[in-house]
Amino acid sequence: MRSRQRMFAAVMRLLLKCLRLGRRRRFKLVRQAGQLWHYGHLCLRSLLYNSFTNGDVVLDSLFEPIYWLVDHVTRWFGVVFVALVIGLTSSIVAIVYICLLPLILQTYTPAWICWHLAYGHWNLIMIVFHYYKAITTSPGYPPQAKNDLTGVSICRKCIAPKPARTHHCSICNRCVLKMDHHCPWLNNCVGHYNHRYFFSFCLFMTMGCIYCSISGWDMFRDAYAAIETYYQTPPPTFSFRQRAFHKSVVYLWVLCSSVALALGALTVWHAALITRGETSIERHINKKERQRLQKKGKVFRNPYSYGSWDNWKVFLGVDVPRHWLTRVLLPSPHLPHGTGLSWELPPCMTKQRTPLLAI
Ligand SMILES: [Zn+2]
Ligand SMILES: [Zn+2]
């Protein structure tokens, strides 16, 4: 009996010992897991910590795949858009030569014939020249090699100094001097060296479209009226050549008037920006700055504006009066003032104004 009691006590002692041991091991495991969690959390935070991180950076990071897609699609579509501009312009020129010009030569007076031949060909040369120069001229990039460039900021993408008025183009994936915008119709960035070509192309293309719309208005009305009779019974007896003529004239007028409206609005917008001495990007930056200073009771002054008229002269490169003819009204490959890296006053302005500091 006593030996049984002793045995029972020994078993119970063993059981209690096991229980105590299990509890200690469980505590140890929980403590280790807690330490691991804290270590992992600290590692993650130290890897991702950035004192510049804010809501905008997080949002930009989330939208990065969409930006990537848009940039790559735009880059690819640029080639399609350029082919479209060349194709549509060529089709209009072909219609004018095949359909309209013989009619002008037959029906107009010699004075009107001279005017149409002179104006039409001058406008066409200006469009072709400026479009070719706008797509083939590099907009200008900051130097990549080590240099003494006084950058006003650092580009986050290129990790390189960014001169005043320079901005990063995510489609070209590099910084562009005096960047205005990336134009898919040129498949090129519009910047310091090709801004004039871009604007001149827009202006002459709008003028050409207005010219075609006005001079083709009577023909369009006749052709449209003729097309409406196609479905009458009995059907009119138009030959294939006449039907092709009617449809070509309607196509020419509809395309030219639509482009004249859309491109005309864009040209007016860019003309307003040039008058103020701003680029499309600077328009937004300056607007914010103007509002910020207005709240403080101060007036914002654009450091790159020389006054409306002088802004145009600097933009077009008109230093002496004869340049209005040789550099504006005739095709001219002259370079813009300055290098686009710093913004000293152009030589033609130095006598009139005190130098401005680039900001
Ligand atoms: Zn950059
Ligand atoms: Zn670009």
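This is a predicted model: local features need pLDDT of at least 70, side-chain atom pairs count only at pLDDT 80 or more; totals for chains, interfaces and linings use all residues.
1. Donors here are N, O and S atoms within 2.8 Å of the metal.

2. Start with the zinc ion (ligand 2). Which protein residues hold it? The donors are C169, C172 and C189 through SG, and H182 through ND1. Their distances from the zinc ion (ligand 2) run from 2.1 to 2.3 Å. Along the chain, these donors of ligand 2 follow the pattern C-x2-C-x9-H-x6-C. One pair among them, C172 and C189, links distant parts of the chain, 17 residues apart. C172 sits in the loop between β3 (167–169) and β4 (174–176). C189 belongs to strand β6, residues 188–190.

3. Why is the site of ligand 2 called tetrahedral? The 4 donor atoms subtend angles of 101 to 115 degrees around the zinc ion (ligand 2), so the arrangement qualifies. The cut-off asks that all angles lie between 85 and 135 degrees. For reference, the ideal angle for four tetrahedral donors is 109.5 degrees.

4. Now the zinc ion (ligand 1). The protein donors are C155 (SG), C158 (SG), H168 (ND1) and C175 (SG). They lie 2.1 to 2.3 Å from the zinc ion (ligand 1). The spacing of these donor residues in sequence is C-x2-C-x9-H-x6-C. The site of ligand 1 is tetrahedral, with angles of 101 to 126 degrees among its 4 donor atoms. Here C158 and H168 link distant parts of the chain, 10 residues apart. C158 is in the loop between β1 (153–155) and β2 (160–162), and H168 is in strand β3.

5. H168 counts as buried because its relative accessible area is 19%, under the 20% limit. C158, with a relative accessible area of 32%, is partly exposed.

6. On annotation: an unreviewed UniProt entry places the feature "domain: Palmitoyltransferase DHHC" at residues 153–284. In the model, that span is 57% helix and 14% strand. Its end C-alpha atoms are 18 Å apart.

7. The unreviewed UniProt entry also lists "transmembrane region" for residues 76–100, 112–132, 197–214 and 249–272. Two of these spans can be compared with the model. Residues 76–100 are 100% helix and 0% strand, with the end C-alpha atoms 36 Å apart. Residues 249–272 are likewise 100% helix and 0% strand. The end C-alpha atoms of residues 249–272 lie 34 Å apart.

8. The largest pocket has a volume of about 960 Å³. Which of its 43 lining residues are closest to the centre? They are T89, I127, M205, C209 and V259. Elements giving two or more residues to this lining are α2 (55–107), α3 (110–136), β5 (181–183), α4 (195–215) and α6 (240–276). The largest share, 11 residues, comes from α2. By class, the lining of the largest pocket has 32 nonpolar residues, 11 polar and no charged.

9. The second largest pocket has a volume of about 810 Å³. Its lining counts 21 residues, with D60, R156, K157, H168 and S170 nearest the centre. α2, β1 and β3 each give two or more residues to the lining of the second largest pocket. α2 gives the most, with 7 residues. This lining divides into 8 nonpolar, 6 polar and 7 charged residues.

10. W217 lies in helix α5, residues 217–228. At 37% relative accessibility, W217 counts as partly exposed. W217 and C43 are 174 residues apart in sequence, and their C-alpha atoms are 73 Å apart in space. M349 is found in the segment after α9 (323–329). M349 is at 1% relative accessibility and so counts as buried. M349 and T53 are 296 residues apart in sequence and 44 Å apart in space, C-alpha to C-alpha.

Conventions
Residues are numbered from 1 along each chain as its sequence is written. Chains are lettered from A and ligands numbered from 1 in the order in which they are written. Side-chain values use heavy atoms; hydrogens and water are left out. Donors are N, O and S atoms within 2.8 Å of the metal (3.2 Å for Na, K and Ca); water is not among the atoms, so sites may look incomplete. Four donors count as tetrahedral if all angles lie between 85 and 135 degrees; four count as square planar and six as octahedral if opposite donors are over 155 degrees apart and all others between 65 and 115; anything else is irregular. Helices (H or I, at least four residues) and strands (E, at least two) are DSSP runs, numbered from the N terminus. Buried means under 20% relative accessible area, exposed over 50%, partly exposed in between (1.4 Å probe, protein chains only). UniProt positions are given in the numbering used here, feature names are shortened, and annotations may be inferred rather than shown by experiment. On a 1 Å grid over the protein atoms alone, a cavity is a set of points where a 1.4 Å probe fits but cannot get out, and a pocket is an open set with protein on both sides within 12 Å along at least five of seven lines; lining residues have an atom within 4 Å of a point. Grid points are joined across faces, edges and corners, and a volume is the space filled by probe spheres set on the points. Ala, Val, Leu, Ile, Met, Phe, Trp, Tyr, Cys and Pro count as nonpolar, Asp, Glu, Lys and Arg as charged, and the others, Gly among them, as polar.
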